[in-house]
Amino acid sequence: MVDQAGNRSVVSGEERGGGWGLLVALVLLALVMVLAQVRTRPPAPKPADASLQEFSAVRAREVLKTLLGDGAPHPVGSEANARVRERIVAHLRWLGFAPEVRESFVCNRFGSCGQVANVVARLEGREPGKAVLLMAHYDSVPAGPGVGDDLAGVAAILEVARILKAGPPPRHPVIFLLDDAEEAGLLGAEAFVRSPALSEVGVVVNLEGRGNSGPSLMFETSGQDGWTVPRFTSRASRPITSSLFVTIYDRMPNDTDLTLFKQRDVPGLNFAFIGNPLHYHSPLDTLENLSLGSLQHHGDNALAAVRGLTEADLASPPPGKAVFFDVLGAFVVLWPAGWSLGLAALALVLVIVAVVLGLRRGAFTGGALAMGLLLLPGTLFLSGALAFGIQTLLRAAFPAPWVANPLPATVVFWLIPLAVTLGLAAWLARRSGAAGIWAGTWIWWAALGLLLAVLAPGTSYLFLVPALAAGLAGIVSFSSAPGVRAWAALLPMLVAALLWLPFLQFLYLGLGLMGLMVTAVLLSLFDTTVAPLAAAAGPGLRKWAPLAAGALAAIFAVVAMVSSPFSPKAPQNMVVQFHQDTQTGEARWLLRAAPPIPPALREAAAFDPQPGPAYPWSPSFSRAFAAKAPALPIPGPELAVLSDSSTGGKRTLRLRLTSPRGARVGTVMVPNEANLESLRIGGQTVEVGPRPPGAPAQGWRPLTVFGLPPQGVELDVVLGESRPFDWFVADRSDGLPPGGRALLDARPDNAVPLNEGDTTLVSRKVRI
């Protein structure tokens, strides 16, 4: 088949028609998407009577139910936290372990401190030496009971501990760490890595949760993962993982307990499920909302990882990072990261050979190739611009990154790049021919694979593997026919679909609305694999396919705009706080929520029409609606000066922070202009760096103590300025005073508190 410009098409006359290639491609893509949905679901939970050597989510759920007790939130320093810890210890003893509760006061590098109590148990191995550390945190945020984050991980570990205890001893010891105060700044893990116990650890397996459903993803590694990943994947029944996840997470600001081991180059694997993000850190993170399939997958993964790693050589593991990815959860492909550059170069060579063969056999001309090279950058630019515009519109309609019904918006961002690609391919086909588009597309893919092999090897497989398939298919096809046969375009497209489509569905769950825009940009690259087949289609299909995709995108965009963003099962964040300044006597209700304020809340309190700074020390982005509240007869926090001396323009202070009303959390706001040079809190040295260039001198450095003891905590401070400054001191307790009942009753059913939750905060300004 020859186009109007005289260029040979991707589908030759021998293949009896060009339209069927695009239709087959769309059907194959739909099938892969369905398979990806099915294969990335968590497995069915195993019943209570399952083999005692297998993980049973039903058994683990009963353990979790016991740990949870009355379902109260259990942040560090609370009585509920102590009760959960006691239940963990009791269960470990019932299993035959001798658990220890290791208590210590610890601070992280950001100035967050607390009295933590880690629970540690040990299973001896056949050989002495380094151990596998299996860990999860048992504390929760104040806003919710923390079932998905992270009592599910704790229950999974206790079921794994039962299995390992009942079976033959592993080669290496296993340490079970159920740590405290992760939500307060990784304090429990901080205490562990600062202790001598760290020297016993050869590798870490961490269980986390950022939601309460979905598959358990192995999303992060630490240290040299060329040996840890295959030790897990060789035993896992449904591994869902990728070095792409690892690369992305490395560039995100998020932290988990594994972060502290990662900073010390201790090898490790990190697992989490991320479904139902609107339940995360909220009162809806309950036992009833936890997916048993997610718990089953979590436990299966933990057991597979521990069993694999305990049999490894922990004394001298092999060095090296890996590039890896699962194929629909069935198996994992893995190679040393150092191979990526060679594989990418090979892919580029194969594609170039195929292109040269195509040119020599007259499948397309040099001009057609040049036009074909315009497709990928053109699609990327146009799709990105349209996705950005629609995201801007949706942001105005959606007051939060995640919404109750994301399907309409998801469909929009999936259809935009498809419509653009099909339309651009139809336009270019008149000048380049389908074969020219094939050549231009795969030159780009091979080049991007080579670039990523240098810059980010963990992501390179996305381009280099399909490019390898395209190069081989192109060489075979051009060697046996004047043009590229349809199967030579379908094969690399199918390979790309198997690699790309499964992971793209997780971007919204991980990143929210921004994730949909990222999805659209990535799909603009992926959809170019369909372009040669679109260019080979008949004129009618070439015309109507992009119009149909664009029309559907427009319809779903309207549906997304008019859909209610929240529901009682998928609520928005709405936090109510009481703040009283004991120096001025002023008391306020603060509402942290996206506008508009619900009418019932406006009736309950006369909130200002516009949000303002929540507190005198708040950064500009921390804003809340304020309303006057009746002052309460409660004492404010105290920051007593125990000693004060100045030498050489520097000032040395010893202070004591206390909360006469017994609040759980105390905070001191040190002004940046005081030039904090040295700091110890409760005897613990806190890293103090210079103020970053450009940082505002009027800002504040928060120093926070979680689980503030009745006697208070001492702070040893060295300042670079000897003159006095105004500081702020505050204490925070969970819940509202009785007068806040009316506000809580007025909060809509589709809104819940988040993170710190509804709190009472009392502050004062002090001259120091």
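The exercises below, with worked solutions, concern a predicted model.

Local features need pLDDT of at least 70 and side-chain atom pairs count only at pLDDT 80 or more, while totals for chains, interfaces and linings use all residues. Residues are numbered from 1 along each chain as its sequence is written, and side-chain values use heavy atoms, with hydrogens and water left out.

**Exercise 1. The disulfide**

Find the disulfide, and state its handedness and whether its cysteines are buried or exposed.

Solution. 
- Step 1: A disulfide is a pair of cysteine sulfur atoms within 2.5 Å. The structure holds 1 disulfide.
- Step 2: C107 and C113 form it, with sulfur atoms 2.1 Å apart.
- Step 3: The torsion about the S-S bond of C107 and C113 is about 110°, so this disulfide is right-handed.
- Step 4: Buried means under 20% relative accessible area, exposed over 50%, and partly exposed in between (1.4 Å probe, protein chains only). C107 has a relative accessible area of 0% and is therefore buried. C113 is also at 0%, so it counts as buried.

**Exercise 2. Strand β7**

Determine how strand β7 is enclosed and which strands pair with it.

Solution. 
- Step 1: Strands (E, at least two residues) and helices (H or I, at least four) are DSSP runs, numbered from the N terminus. Strand β7 covers residues 268-273.
- Step 2: Since 6 of the 6 residues of β7 are buried, the strand is largely enclosed by the rest of the structure.
- Step 3: In a regular strand the side chains alternate between the two faces of the sheet. In β7, G268, N270 and A272 lie on one side, and L269, F271 and F273 on the other; all are buried.
- Step 4: Two strands pair if DSSP finds at least two bridges between them. Strand β5 (residues 201-209) runs parallel to β7, joined by 6 bridges. Strand β6 (residues 217-222) runs antiparallel to β7, joined by 5 bridges.
- Step 5: F271 stands opposite L207 and is also the bridge partner of M218.

**Exercise 3. Residue T241**

Locate T241 and list what surrounds it.

Solution. 
- Step 1: T241 sits in the loop between α6 (228-233) and α7 (243-250).
- Step 2: Its relative accessible area is 0%, so T241 is buried.
- Step 3: The T241 side chain reaches the backbone oxygen of M218 at 2.7 Å.
- Step 4: Contact means heavy atoms within 4.5 Å. Not counting residues up to four places away in sequence, T241 touches M218, T233, F324, F325, D326 and V332.

**Exercise 4. Helix α12**

Compare the span of helix α12 with the expected span, then name what covers its buried residues.

Solution. 
- Step 1: Helix α12 (residues 375-397) has 23 residues.
- Step 2: The expected span of a helix is 1.5 Å times one less than its number of residues. From first C-alpha to last, α12 reaches 33 Å, close to the 33 Å expected.
- Step 3: Among the buried residues of α12 are L375, L376, G378, T379 and S383.
- Step 4: The cover over the buried residues of α12 includes α11 (366-372), α13, α17 (513-526), α18 (531-536) and α19 (539-562).

Definitions and conventions
A polar contact is a pair of N or O atoms within 3.5 Å; within protein, one must be able to donate a hydrogen and the other to accept it, and residues adjacent in sequence count only if both atoms are side-chain atoms.
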